[in-house]
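Hi,

Here is the structure I promised to pass on. Have a look at it first, and then read my notes below.

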Amino acid sequence: MHIALIGHTGKDEARGARGSNALYGDVDMLVTIGGEAVKTATVAKANDAPDGPLFSFTSELIDFGVDDDGDPITVNIVSSEEISSQPERKSDEPKLSTNQRVMYRLLADAGTAGLTTEAWSELAREQGIAAKQRHYEARMALKDKGLVREYAGVWHING
């Protein structure tokens with residue numbers, strides 16, 4: 001079964017989608033479409049798939065006249081013009097936030113011995129990541145991306 005939901009961001013795209021963010025945590029794949037003249041569909045979140053651009057396209061605005069209020073009636077049709085079958089990916093490495101990069105580097109610097117949750121959090125505080133919740137979020141994001149693992153209370157880098 002496949003269910004696709006379509007939504008839109010608010011005026012400030014950096015703040016994410018409008019309404020509840022509960023859905024974001026449960027989606028298997030989130031694709032965003034953006035751009036001015038050339039639109040690009042980009043995987044923003046995916047289970048078992050890399051994030052990044054999928055394809056780009058342009059559209060043609062078709063005018064159907066005006067409605068009863070005098071407003072234009074238009075529709076965008078995806079152009080048959082080939083823009084790119086698959087844009088070049090920057091990297092197969094997962095995208096990391098600043099906190100995730102810092103946390104990953106701290107764990108990598110610990111070497112094969114790894115770090116306990118408490119030691120990792122203390123090092124993060126020393127690097128300016130003060131909130132305990134931010135430590136947890138970064139650890140879980142790194143774990144979800146398959147970059148780190150925890151065993152018997154000690155965290156290690158994968159690979």
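By "contact" I mean heavy atoms within 4.5 Å of each other. Do keep in mind that this is a predicted model.

With that in hand, take Val148. Ignoring neighbours within four places in sequence, Val148 touches Tyr104, Leu107, Trp120, Arg139, Leu142, Lys143, Trp155, His156, Ile157 and Asn158. Val148 also belongs to the largest nonpolar core, a set of 13 residues, where Met103, Leu107, Trp120, Leu142 and Val148 have the most contacts inside the core. The top contributor is α1, with four residues. As a general point, nonpolar side chains in soluble globular proteins tend to be buried together.

Helix α1 also holds Gln100. Is that side of things buried or exposed for Gln100? Its relative accessible area is 13%, and since buried means under 20%, Gln100 counts as buried. Beyond its neighbours within four places in sequence, Gln100 is in contact with Lys95, Ala138, Ala141, Leu142 and Lys145.

Now the sheet. There is an open one of three strands, in the order β6-β8-β7, with antiparallel pairing. Because β6 (115–116) and β7 (148–151) each have a single partner strand, they stand at the edges, and one side of each is left without a neighbour in the sheet. Strand β8 (residues 154–157) is joined to β6 by two bridges, and the two run antiparallel. Leu115 has Trp155 in β8 as its bridge partner.

Cheers

Note on methods:
Residues numbered from 1 in each chain as written. Predicted model: local features only at pLDDT ≥ 70, side-chain atom pairs only at ≥ 80, totals over all residues. Heavy atoms only, no water. Core = buried A, V, L, I, M, F, W, Y, C linked by side-chain atoms within 4.5 Å. Buried < 20%, exposed > 50% of the residue type's maximum accessible area, 1.4 Å probe, protein only. Pairing = 2+ DSSP bridges.
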